[in-house]
Amino acid sequence: ARGPRAMGTPVALQIFVAAAKAVVRVFIIAAVGCWARRKELLDADTARVMSRLNGAIFLPCLLFTVLGKAVKAEQLQNVWLLPIAAAVHIFFGWVLGKGVCRAFDVPREFRGPLVAAASFGNTFALPIVLLDAIIGSGNKVGKLQFTREDNAAMVLYLSAYMTVLTVLMWTLGPVWMKGEDRLGVDESFDKSLDDDPALEGGPPTDGPSVRPIGKARSESRVDLLELELAEGRSRPSATGDRAGGQSRMGPERRREKKSFWRRCAAAFAPAANVNQLAAVLGILVGLTSPLRRALFDEDGALYVLGSCAELVGAAAIPQVIVVLGASLAKGPDHSLCDRRTAVALGFGRLGVLAILNVGTYYCLRAAIPAAAVPASKAFWLTFLVEGATPTANNMMLQVQMYGSKRAAGGIGACIFWQYAMAPVVLTGTISLFLAII
C-alpha cells in the first residue's frame, strides 16, 4: 500500500509546481504593470495606446512567426483533430458564457465581452509552460513515460490547435467585445427612422438632423466605418407622419434593407483586422515550404525579415500582461462584472469545460481509429489541457481595442479570479487528465 501513496505524492507535487510556475510568471509580469500604474508611469490612456500598438504590430508578428514556423502540411495530416477541437472548445465556451449571462443578469454592456472571455482560453503561453514541465525531456509522471520527441511534438500540437482558434478569436472576439448595448442602440435607432418625415420628403423637424457621436476610441478602420454610418443617419423626429395616409411600404422596405446591411457591416467590421490576416498568412507560409524556409532558415533569402518579425513578436505577450497588471492596480473592477459572476465564470472555464472536454475525449477515443491520431500520450494531454485553461490574455487586448473602459475592468476581474483559482483547480484537472490518458 505504501508504493502507490509514495508515488502519488511526488506526482501531485510536480503537477502543482508546473501549474504554479506558469501562474507565478503571469503574476510577476503583471506586477510590473501594477507598479507602473501606481507610480503614474502608465495611466489608463497610455495602456489603451499600448494595446492598440500591440494589436497592430507586436501580436500580428507573433502570430505570423509562430504559425509560419510550426505549421507544416505533412505534419498537420496526423493532427487534424486539434483544429476541430479548437472550434468545439469555443462552442462549449460560448454556451458557458451565455449561461452565465442569463444566470447572473449580466449588464448588456458586458454580455458580449463575457461571452468572449468564456469562449477563448489561453492556448499557447500557459499550456506550453505546463506541458513542458510535465513532459520535459522524457519525464515519467506516474505510469506515463514521455520522451524527448513528445516535447518537440507538443509545440506542433499547440500550433495546430492555434490555426483555427486564432482565426476565430480575431474574427468573433472583436465583434463580441463591442457589447450588446451599442448594437442594441443602433437597432432601435434604425427602427425609429420610419417615423422621420424628412426621409419621406416631408417638412423638416426641429433640432439637429445628424445624430451626434462621441469621440472615437481610435483611428482604426472600425471606428472610421462607425463614423461614416453615424454621420449618414438622421435623428428620429418627435412628430410622426401619421396623418398623410400615404403608403410608405416601398420606401420602408428599402430603408429596412439598407439599415440591415448597415448593421451587419457595423457588427462584423472588427472581424477584418490585422491579427486575423497575420494568422492566415502565417498558416499559408507554413504550408508553403519554400517560403517558410526562405523566411525562417538561417541561410534563407528572407531570413532577416523573419528574424525581425520574431524579435518584434516576442514583446507581444509581456506587453499584454503588463497592461493587464495596470488595469488591476486598484484591485479587480466589479462595476460590470461582480465577484459572483467572475468566480462562476472561472469555475466554468477551469472546471465545467474541463469535464466536458473529458467526455469529448472518451467519445473520440471510442469513435476514432487509433491509427487516425498520434499514438503519443502527449497528443491527448495537449487536447485535454487546451480545453481547460483560463481566459486568454488577448481578451484584455481586444477589449482595450474594441470595447469600453468599463468592459476592460470586467475582463480584468474575470482573468484575476481565474488565475487566483488556477493553482488549485487547474492542478486538479491536470491530475485528472494524467490519470485517464
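**View 1. The crossing of helices α4 and α15 in the predicted model.** In this predicted model, the axes of α4 and helix α15, which spans residues 339-367, come within 10 Å and cross at roughly 140 degrees. The crossing in which α4 passes α15 is right-handed. On the side of α4, the residues that make the contact are L81, H89, F92, G93, L96, V100 and F104, and they meet R340, T341, A344, L345, G348, R349, L353, L356, N357, T360 and L364 of α15. Sorted by kind, the residues of this contact between α4 and α15 comprise 10 nonpolar, six polar and two charged.

**View 2. Residue K98 of helix α4 and its distance to G112.** K98 lies in helix α4, where, at 36% relative accessibility, this lysine counts as partly exposed. Although K98 and G112 are separated by 14 residues in sequence, their C-alpha atoms are 9.1 Å apart in space.

View 3. The loop between α4 (81-104) and α5 (108-119) contains D105, a residue that is not a glycine and yet has a positive phi of about 50 degrees. With a relative accessible area of 61%, D105 is exposed.

**View 4. Residue E40 in the loop between helices α1 and α2.** E40 is found in the loop that joins α1 (2-38) to α2 (44-70), and its phi is near 60 degrees, which is a positive value in a residue other than glycine. The relative accessible area of E40 is 72%, so this residue is exposed.

**View 5. The packing of helices α6 and α18.** Helix α6, made of residues 125-135, packs against helix α18, made of residues 405-436, at an angle of about 50 degrees, and the axes of the two helices are 13 Å apart. This angle makes α6 oblique to α18, and the crossing of the two helices is right-handed. Where they touch, L126, L130 and I134 in α6 meet Y419, L426, I430 and L434 in α18. The residues of the contact of α6 with α18 divide into seven nonpolar, no polar and no charged.

View 6. How many disulfides does the model contain? Taking a disulfide to be a pair of cysteine sulfur atoms within 2.5 Å, the count comes to zero. For C101, the closest cysteine sulfur is that of C337, and because the distance between the two sulfurs is 9.3 Å, they are too far apart for a bond. With a relative accessible area of 0%, C414 is buried.

**View 7. The covered helix α17.** Helix α17, which covers residues 394-402, is mostly covered, and nine of its nine residues are buried. These buried residues of α17 are N394, M395, M396, L397, Q398, V399, Q400, M401 and Y402.

View 8. Q319 lies in helix α14, which is made of residues 316-327. Is Q319 buried or exposed? At 14% relative accessibility, Q319 counts as buried, because the limit for that class is under 20%. Once its neighbours within four places in sequence are left aside, Q319 is in contact with M50, N54 and F58.

**View 9. Residue A301 in the loop between helices α12 and α13.** A301 is found in the loop that runs between α12 (289-296) and α13 (303-313), and, at 78% relative accessibility, this alanine counts as exposed. A301 and L291 are 10 residues apart in sequence, while the distance between them in space is 9.4 Å, C-alpha to C-alpha.

**View 10. The chain as the setting for the close-up views.** The chain has 18 helices and two strands, and of its 437 residues, 50% count as buried.

Terms used
Residues numbered from 1 in each chain as written. Predicted model: local features only at pLDDT ≥ 70, side-chain atom pairs only at ≥ 80, totals over all residues. Heavy atoms only, no water. Axes fitted to C-alpha atoms, helices over the stretch in contact; angles between N-to-C directions. Helix = DSSP H or I, 4+ residues; strand = E, 2+ residues; numbered from the N terminus. Parallel < 35°, antiparallel > 145°, perpendicular 65-115°, else oblique. Left-handed = near helix turned anticlockwise from the far one by under 90°. Contact = heavy atoms within 4.5 Å. Nonpolar A, V, L, I, M, F, W, Y, C, P; charged D, E, K, R; others polar. Buried < 20%, exposed > 50% of the residue type's maximum accessible area, 1.4 Å probe, protein only.
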